[in-house]
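The sequence and the coordinates come first.

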2 protein chains.
Amino acid sequence: MSFADDTAVTPRGDGTFTTAIRPGWDIAGNANGGYLLALAARALAHYTGRPDPVTITAHYLSPGKPGDAFVRCETVKQGKRFSTATARLERDGVPVLQVLGAFSELTAGGTPERIDGAPPELPPLEDCIAPQAEAGFDPPFMHRVELRLHPEDAGFRTGKPSGVAQMRGWFRLAGGEPADTIALLMGTDAFPPTIFNARLPVGWTPTVELTAHVRARPAPGWLRARFTTRFVTGGFLEEDGELWDATGRLVAQSRQLALLPRPEPPA
Amino acid sequence: MSFADDTAVTPRGDGTFTTAIRPGWDIAGNANGGYLLALAARALAHYTGRPDPVTITAHYLSPGKPGDAFVRCETVKQGKRFSTATARLERDGVPVLQVLGAFSELTAGGTPERIDGAPPELPPLEDCIAPQAEAGFDPPFMHRVELRLHPEDAGFRTGKPSGVAQMRGWFRLAGGEPADTIALLMGTDAFPPTIFNARLPVGWTPTVELTAHVRARPAPGWLRARFTTRFVTGGFLEEDGELWDATGRLVAQSRQLALLPRPEPPA
């Protein structure tokens, strides 16, 4: 019932892995996109022998319902610093996810640093809001992660969206299980969509593609997250994410392209 | 000598294409990364039968010196709205670029729109600065594109970087050749690095990965571009880009992860 257990993969020695999309990571029957990415990334980490996804891109091809799954990895380039490889996650022979990533071993850098940004300012945990609390929305996924939303960003739950396409909050794995860099990938897709706060007539926005950059291994403890959307145009929207660890360090950046469903044609 | 000619590819009927990394698109001997991406994207557009790269990711594997080249495309998923496919660009059997993208036909959307952003405010063209002018830096690439930098962002040329990791300016193909959505990909990597303005002891920052989202086909005319870097940490930096067309519409967003070269060890 841990993230580590539920992303475990079994190598078959030929670049393929057996695994399963475990039950309990779903929202309305389909596994969370970040969990699916983590599953493929776990296989890639084994396959490349390098633990940290420095930059990884996933294209979402079909919903991931729980069940036995299969990952096929292929090397693109084995370099001195990066192993670049692809992975394809399938369930029942149906492709769910296509992934391209560069893996490495992240070390604390002694290089020049420059930061124009800061973790989101959040009230203390106890003053933030669990999204499922009292909202009649309690999907299994919300028992695998612990989210505490900034109160200003939680109004969508009660029909009072803030009007700002933003979602900020605290994040950790259920029970405080330590997060590795692969858990960060899940974190980049664990929050409710920014669009829920945007006062647009939009509900479900399926992810077309998600790219995450992992900058550092996270320190133990709660992470702080901020997601924003600036451009809802042409039938698409981006969602930009930042994850900051308990020491105040940026550990991951993400951007996903999501689809704005076309309005239903008149019946 | 046009962008269209210099990104032309010849299909061999089996998902592979012969082409060439044409001379003249290089900076110090290596082709511009956006040009290389455009070359692979041109093959993918042919291969999928869909002209517009909605979201495309490239991993840069080795420098692209001019010469005969080869692109191998493979289908990931042929969907109703998107064709997802991979491409590998090779020169002399050496992989240069690995690409994963979703292609479609972009149409003007009647969907809800929301924009929290605007094109960069730029002085008129004649008051902006061609980067190669009077700077002793005149690589072949600068004759294939026309850039006009915001004067505030051009100080790096004369040893007076602004201190802001930003680069803004006008962009078009040489001679005003119309830009298609594949030319936009090149535009996302056509400007001098933001880091040149950051007052950091950093020169060359090779691209590890670049992802671009194309939102719309550009109207004719000059494009406006803005590139910014917020986080130089852990030996990496991101560069976020926006391209806006002459009608003031966002046509592309991009983010690349670049490598901060490790300091040379003492001799």
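Is A:T84 buried or exposed? At 7% relative accessibility, A:T84 counts as buried, where buried means under 20% relative accessible area, exposed over 50% and partly exposed in between, with a 1.4 Å probe and protein chains only. The model is predicted: local features need pLDDT of at least 70 and side-chain atom pairs count only at pLDDT 80 or more, while totals for chains, interfaces and linings use all residues. Residues are numbered from 1 along each chain as its sequence is written, chains are lettered from A and ligands numbered from 1 in the order in which they are written, and side-chain values use heavy atoms, with hydrogens and water left out.

A:T84 sits in strand β7 (residues 83-91) of chain A; helices (H or I, at least four residues) and strands (E, at least two) are DSSP runs numbered from the N terminus. Neighbours within four places in sequence being left aside, the contacts of A:T84 (heavy atoms within 4.5 Å) include A:T75, A:V76, A:K77 and A:L100 in chain A, and B:H59 and B:L61 in chain B.

**Interface of chain A and chain B**

The size of an interface is often given as the accessible area lost when the parts come together. Here the buried area is about 5600 Å², and carbon and sulfur atoms give 57% of that figure; buried area is the accessible area (1.4 Å probe) that two parts lose on being put together, summed over both. In chain A, the residues that lose the most area to chain B are A:R114, A:R215 and A:R255, which together make up 14% of what that side buries. By contact, 60 residues of chain A meet 61 residues of chain B.

The polar-contact rule finds 29 residue pairs across the interface, both residues at pLDDT 80 or more. A polar contact is a pair of N or O atoms within 3.5 Å; within protein, one must be able to donate a hydrogen and the other to accept it, and residues adjacent in sequence count only if both atoms are side-chain atoms. On the side of chain A that touches chain B, β16(A) gives the most, with seven residues.

**Salt bridges**

A salt bridge is a side-chain nitrogen of Lys or Arg within 4 Å of a carboxyl oxygen of Asp or Glu. The whole structure holds 29 salt bridges over all chains, and the count between chain A and chain B is six.

| B:D240 | A:R255 | 4.0 Å |

B:D240 forms its salt bridge with A:R255 at 4.0 Å. B:D240 lies in strand β15 (residues 236-244) of chain B and A:R255 in strand β16 (residues 250-259) of chain A, so the pair joins two chains. Both B:D240 and A:R255 are buried. A network of salt bridges links A:D240, A:R255, B:D240 and B:R255.

B:D153 is in the loop between β10 and β11 (166-173) and B:R168 in strand β11, so the pair ties together parts that are 15 residues apart in sequence. B:D153 is buried at 1% relative accessible area, and B:R168 is buried at 12%.

**Aromatic pairs**

Rings of Phe, Tyr and Trp (its six-membered ring) pair if their centres lie within 6.5 Å; planes under 30 degrees apart count as stacked, over 60 as edge-to-face and the rest as tilted. There are 16 aromatic pairs over all chains. The ring centres of B:F3 and B:W25 are 5.9 Å apart and the planes stand at 70°, so this pair is edge-to-face. B:F3 is in helix α1 (residues 3-6) and B:W25 in the loop between β2 (16-21) and β3 (26-27), so the pair ties together parts 22 residues apart in sequence. B:F3 is buried at 3% relative accessible area, and B:W25 at 1%.

B:W25 also pairs with B:F141, with centres 6.2 Å apart and planes at 55°, so that pair is tilted. B:F141 is buried at 0% relative accessibility. In chain A, one aromatic cluster is formed by A:F3, A:W25, A:Y35 and A:F141.
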